[in-house]
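Here is a short report for a reader new to this structure. Take a look at the model first, then read on.

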Amino acid sequence: MNFKELKQQYNASLKSMDTEEHIDLWFYRPLGFAWAVLFAKLGIKPNAVTIASIFLGVAGGILLYFGASPLIWLNYLGIFLIIWANTYDSADGQLARLTKQYSQIGRILDGVSGDFWAFAIYFALVFRELHYGDAALGDFFSHHNWIIWTLAITAGVSHAMQCAMADYYRQFHLYFLKGEGGSELDSTEKLDEQVKQSSGFKRITMFFYRNYTANQERLTPAMQRLRRELKKHFGDDMAPQHFRDDFRKLSLPLMKYTNILTFNTRTIAMFISVIIRIPWLYFVFEIVVLNSLLIYMIMRHESFCKKLTKDLQAGKYDSKQ
């Protein structure tokens, strides 16, 4: 395979340039592509790569617990494993796109893999504070352990909401950019039918995924009204190109916020807090900085969705202007 063909394969492994983050493009996507090419040759499935990323991420998270000076090197090993896990998290999607091995279970598994990492990281940082103390507050949290637990739980809930909404907005953007085949956008209406038609473990999995999607929809009422208005005007057909162009123009500037709310920015903040031995700062960053960004992102999306809904109702997109 020559360089041109390899570059074409690499580009095909990406979701879209609209939704890719700079750090991913410079670091994680190239490494993920290299892994994906190797796994494809070895016949390894995307879901197997996702499961491997869970073990790496959880192991890395556990190693962040150690806060005593002789064991600090374990923190750096933990950081390395988390980074390695994220290269696999990139590789599973790239492998699926390269080999056309898409599955809804794969999407669900890919989504929960980060939750496993987060659980391991959050518990490790809490117990680290309780056992070792930190450079800023010493043994404060060991005497007031309810405070660190409150911070961690609030940050964890915030984390889950931030990632869910960032993913939802990204999939909505991809839907209008690349069509249904290029997006993993779902609806509770469709998922309700899939839950009814499934059984056993798949039914349980689909039930939780359905509720995950329902929570995304509850936080985006204007976006749901836009979806209903689009269905009313165009049925199951894709909206006309001039609508899609207008949507992209409004949505594209907000994609940088969806990237900030996913992996790279938060893990850089977490790595710094671990290295300077003040882990609770990461929880504060999640709660204050990233939640503020989440609220701003939701407000902006809801605002332009209301505008597009009014334009649809006014007949702007009924025919080419």
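## Aromatic pairs

F27 counts as partly exposed, because its relative accessibility is 38%. The model behind this value is predicted. F27 forms an aromatic pair with Y28. The pair is edge-to-face, with 4.9 Å centre to centre and 80° between the planes. Y28 counts as buried, because its relative accessibility is 6% and the cut-off for buried is under 20%.

Another edge-to-face pair is formed by Y65 and F66. Here the rings lie 5.2 Å centre to centre, with 70° between the planes. F66 has 22% relative accessibility, so it counts as partly exposed. The count of aromatic pairs comes to 30.

## An aromatic cluster

Which residues form one aromatic cluster? They are Y168, F172, Y175, F176, F243, F247, F304 and Y317.

## The cavity

How many cavities of 30 Å³ or more does a search of the whole structure find? The search finds one. About 40 Å³ of space lies in the largest cavity.

Two helices each supply at least two residues of the lining: helix 7, residues 145-178, and helix 9, residues 200-218.

## Helix 4 and the residue after it

Helix 4 runs over residues 73-99 and has 27 residues. From its first C-alpha to its last, helix 4 reaches 39 Å. That is close to the 39 Å expected at 1.5 Å a residue.

K100 follows helix 4. K100 is found in the loop between helix 4 and helix 5, which covers residues 104-132. The phi of K100 is positive, about 60°, although K100 is not a glycine. Is K100 buried or exposed? K100 counts as exposed, because its relative accessibility is 62% and the cut-off for exposed is over 50%.

## Another positive phi

R277 is not a glycine, yet it has a positive phi of about 65°. Where does R277 lie? R277 lies in the loop between helix 13, residues 264-275, and helix 14, residues 280-313. At 34% relative accessibility, R277 counts as partly exposed.

Notes: Residues are numbered from 1 along each chain as its sequence is written. This is a predicted model: local features need pLDDT of at least 70, side-chain atom pairs count only at pLDDT 80 or more; totals for chains, interfaces and linings use all residues. Side-chain values use heavy atoms; hydrogens and water are left out. On a 1 Å grid over the protein atoms alone, a cavity is a set of points where a 1.4 Å probe fits but cannot get out, and a pocket is an open set with protein on both sides within 12 Å along at least five of seven lines; lining residues have an atom within 4 Å of a point. Grid points are joined across faces, edges and corners, and a volume is the space filled by probe spheres set on the points. Helices (H or I, at least four residues) and strands (E, at least two) are DSSP runs, numbered from the N terminus. The expected span of a helix is 1.5 Å times one less than its number of residues. Buried means under 20% relative accessible area, exposed over 50%, partly exposed in between (1.4 Å probe, protein chains only). Rings of Phe, Tyr and Trp (its six-membered ring) pair if their centres lie within 6.5 Å; planes under 30 degrees apart count as stacked, over 60 as edge-to-face and the rest as tilted.
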